[in-house]
Amino acid sequence: MLVMGILNLTPDSFADGGRYNSLETALNHARAMIAEGVDILDIGGESTRPGADRVSADEELARVIPVISALADDGVPISIDTMRASTAKAAIDAGAQMINDVSGGLADSQMLKVAAQSKLPYIAMHWRGASKDMNSRAVYGDVVHDVIGELQERIFAALDAGISQESLIIDPGLGFAKEAEHNWSIIDHIDEFVGLGYRVLVGGSRKRFLGAGTPDEREAATVALTKRLSTSGIWGVRVHSVKPHKDVLHP
Ligand code: PMM
């Protein structure tokens, strides 16, 4: 099972606001993850936390492109975490080798086309609309059935746009328009997602359903979740810290 390390280039990720220092800080963080054996670096410039506002395309590019360019030759595949086709394209030109779209192609009508043309792996996450008001959309009959049905629609759209089955990776989108019990039901039934026949990525790292404390205080629960998922047949986990997850996967 692969460990995808998160590099969030959003202002709240930096101790200081200056872009030069931010670049240094980001590269140091990325290289620390590489030294710990990260399999993929997931680089994003737009926060998707519940309640977050969107950032402009220019601001998103200014955050991610210098970092991707600097890391492109470091030997670890880079994934661009974006909902924008134009950002995905620019990131690929700068050296990214995978697209991580939390909207599964819903936020930008050009995204699936760009992903298909790139022939690179494309991660389609389950999503019910922008983070600003997504919590109001956490309403399900049977959450596993409903999320799989909505993901299947995204799978059909992706295949229809020309993305190959081998390039497509699906993600149930833990924490996106989901209450705690929804996330746990999905985890309990993750085999049904694996059974769809695509690689599955799970991103539960430090999310609110893992505990009421601070994100850092949810690290132990995140590592336990990785251990629990390690026998499920999923392809990868998207996490903030690399070494504890590598350790629990390869004791
Ligand atoms: N979660 C976040 C951002 N990007 N991408 C995928 N594929 N899956 C996720 O679960 C996911 C994601 C939000 O979490 P963060 O703010 O801790 O990065």
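**Close-up views of a predicted model**

View 1. With a relative accessibility of 0%, A177 counts as buried. Please keep in mind throughout that this is a predicted model. A177 belongs to the loop between strand 6 (168–171) and helix 6. Its backbone deserves a look as well: the phi of A177 is near 55°, which is positive although the residue is not glycine. For background, most residues other than glycine have a negative phi.

**View 2. K119, an exposed residue with a positive phi.** Here the view moves to the loop between helix 4 (111–118) and strand 5, where K119 is found. The phi of K119 is near 60°, again a positive value in a residue other than glycine. Is K119 buried or exposed? K119 counts as exposed because its relative accessibility is 69%, and the cut-off for that class is over 50%.

**View 3. The salt bridge between E60 and R84.** The closest N and O atoms of E60 and R84 are 2.9 Å apart. This pair ties together distant parts of the chain, with E60 in helix 2 (residues 57–71) and R84 in the loop between strand 3 (78–81) and helix 3 (85–94), 24 residues apart. Both partners, E60 and R84, are buried. In general, side chains of opposite charge can pair when their charged atoms come close.

View 4. T82 lies in the loop between strand 3 and helix 3. The side chains of T82 and E60 are joined by a polar contact of 2.7 Å. T82 counts as buried because its relative accessible area is 1%, against a limit of under 20%. D58 has its place in helix 2, and with a relative accessible area of 62% D58 is exposed. If you follow D58 to T87, you will find the two C-alpha atoms 8.9 Å apart in space, although the residues are 29 apart in sequence.

**View 5. Two further salt bridges.** The structure holds 13 salt bridges, and this view picks out two of them. One joins R128 and E150, with 2.6 Å between the closest N and O atoms. R128 sits in the loop between strand 5 (122–125) and helix 5 (143–160), while E150 is in helix 5; the two are 22 residues apart and the pair links distant parts of the chain. E150 counts as partly exposed because its relative accessibility is 23%. The other bridge brings together the side chains of D216 and R206, at 3.4 Å from N to O. D216 and R206 each lie in the loop between strand 7 and helix 8, ten residues apart. D216 is exposed, its relative accessible area being 58%.

View 6. How many aromatic pairs does the structure hold? It holds one. W184 counts as partly exposed at 31% relative accessibility, whereas F209 counts as buried at 10%.

**View 7. R199 over the ring of W235.** Another ring to look at belongs to W235, with the charged end of R199 sitting over it. The distance from that charged end to the ring centre is 5.3 Å.

View 8. Which residues come nearest to the ligand? Of the 15 residues around it, these are N8, N100, D171, K207 and R238. The side chain of N8 has an N or O atom 3.0 Å from an oxygen atom of the ligand. For N100, the distance is 2.8 Å between a side-chain N or O atom and a nitrogen atom of the ligand. R238 likewise places a side-chain N or O atom 3.0 Å from an oxygen atom of the ligand. Taken alone, the ligand exposes 410 Å², and the protein buries 95% of that area.

Notes. Residues are numbered from 1 along each chain as its sequence is written. This is a predicted model: local features need pLDDT of at least 70, side-chain atom pairs count only at pLDDT 80 or more; totals for chains, interfaces and linings use all residues. Side-chain values use heavy atoms; hydrogens and water are left out. Rings of Phe, Tyr and Trp (its six-membered ring) pair if their centres lie within 6.5 Å; planes under 30 degrees apart count as stacked, over 60 as edge-to-face and the rest as tilted. Buried means under 20% relative accessible area, exposed over 50%, partly exposed in between (1.4 Å probe, protein chains only). A charge sits over a ring if NZ of Lys or CZ of Arg is within 6 Å of the ring centre and within 35 degrees of the ring normal. A salt bridge is a side-chain nitrogen of Lys or Arg within 4 Å of a carboxyl oxygen of Asp or Glu. Helices (H or I, at least four residues) and strands (E, at least two) are DSSP runs, numbered from the N terminus. A residue is near a molecule or strand if one of its heavy atoms lies within 4 Å of it. A polar contact is a pair of N or O atoms within 3.5 Å; within protein, one must be able to donate a hydrogen and the other to accept it, and residues adjacent in sequence count only if both atoms are side-chain atoms. Accessible areas come from the Shrake-Rupley method with a 1.4 Å probe; for residues, only the protein chains shown count as cover.
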